[in-house]
Amino acid sequence: MKTPRAQRRHFIWAGLLLTGVIGAGWLGWIAIQRHNIVAEHLPDRPELGSYPSDLIDLIAQAEGTARGYVRPAAGLAALSRFYHANGFYPAALLCYDGLRLLEPQGARWAHLPACILAEFGRLDEALPLERRAIELAPDYLPARLRLGDILLKNNQITEASAAYAAVLEREPGNPYALLGLARGAISHGAWTKAAEHLRLAVSRHPDFIGALSLLVTVDEHLGALAEVAALKAAIGKREFSDLTDEWLASLVEDCYDSYRLSVAAAVAKAAGDTTATHRHLERAIAIAPANSGYRRQLAALLTREGKLPEARVHLEKAVAAAPEDADSWLFLVQNLNALGETVQAEQMLTKGLSVCPLSPSLHLERARWWSKAGRPEEAILEYRESYRLRPSEASPLVELATVYFSVGRVDEAVAALREALLRQPAHPIAQATLALIAISQGDEAGARGWWNRVRLQPDTPPPAVETIRQAFQQQFGRSLP
């Protein structure tokens, strides 16, 4: 017969065993539930025949993890990244639906699908998801900015302004929030208020193209034409850079689509992230080594960095991979010229024209070579051929006029410039050259007429403007306004 103490021990062990059994059953039930959720949200594998085997293997591994009972959420999360990063959006959305059930406190699983839905105009579906993301991650400002953008596109201006204001409370001077407020103000016809928001954004972030570009429109509406000219000059050829969204941007590391990587490189370049630009282009080249365009992109970046020998390597590989790519030949010629390899540059230009005889850019480059070499007749023929192959382009005509003028064929020079202005009415060099021709011919009225057009053209190079001023002063003994 058991003693009372032995009986107590028996009951304790029996209780622990029962608790363990119940706990194991409960955990098993949870595991089964999670397994079932994944099964309902596991997309059919899309057609991946054109993608690298690395991506196919990674997707297979993620599917295996998702179907298991140990880490199904991790497997589904990996699948969501692979599908989202490579443009398989319906599959990614299905994964995100499952992840919100498996990990309801995960803000990413609301924000990332909201980005997809908003991109395709499904704003009513994106809104509740972005609101949920903000509830879960109130300090993640890209989610608040995306919410403002979605509301603005959905014509919910007051709510959008509140979303942007919430960003400014956390980060005063945020340029994207100020840009959003300006857009909202414009939709209400409050142009002056919009200008205030934009000028504040520019004062805090002078290089923010989004604010500068919209301010051009606002100042034009308000009649501030002098400010418009200054803004256009400041903008130049720079491009708008979208807001930095780390959760969204991180997906590019799982991208195996070379085109998408090249786009990501362009976005990173616009944002000033040179390291990411290099990384994305190098991955695009590794995935599609026969695509000369990606090598040209990287060569252009290396050239701006002063790394001409490295750029040359990529350009040589580009023309070898795609001999029909005239742009790669042109960039290679220009690269060799910059390196002082003029003999080889001329050889490559000749070779490029032999395989790309219909390239207007290569004929234009050949014309410039003949012009510099003091062979105007050959240059004239090449300029004409370049223009014949691309009649919408004004530059060959403008340069042709310069050659005509240098050999005394003034009437033909004027005719070429007037034809150029028919193609591009505001071409700054064409206007400036016609002003100089009028000055050389003693036509003061004509010179002043062209000068009035030149000085209103912000793209006219300052040296050209100064040359006109000096020539006018010497010819007529008077200063231009």
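Which residues in H2 are buried? I looked up Leu 55, Ile 59, Ala 62, Glu 63 and Ala 66, and each is buried in H2 (under 20% relative accessible area, with exposed over 50% and partly exposed in between, for a 1.4 Å probe and protein chains only). Seen down the axis of H2, these buried residues fall within an arc of 105°, so they line one face of the helix; the arc is that of the directions from the helix axis to the C-beta atoms. Helices are DSSP runs of H or I with at least four residues, numbered from the N terminus.

I note that this is a predicted model, in which local features need pLDDT of at least 70 and side-chain atom pairs count only at pLDDT 80 or more, while totals for chains, interfaces and linings use all residues. Residues are numbered from 1 along each chain as its sequence is written, and side-chain values use heavy atoms, with hydrogens and water left out.

I then turned to Asn 155, in the loop between helix H7 (141–153) and helix H8 (157–170). Asn 155 is not a glycine, yet has a positive phi of about 65°. Most residues other than glycine have a negative phi. Asn 155 is exposed, at a relative accessible area of 62%.

I next looked up Thr 277, in helix H15 (residues 274–287). Thr 277 is buried, with a relative accessible area of 3%. Neighbours within four places in sequence aside, Thr 277 is in contact (heavy atoms within 4.5 Å) with Ala 265, Ala 268, Lys 269 and Leu 301.

Key: Helix = DSSP H or I, 4+ residues; strand = E, 2+ residues; numbered from the N terminus.
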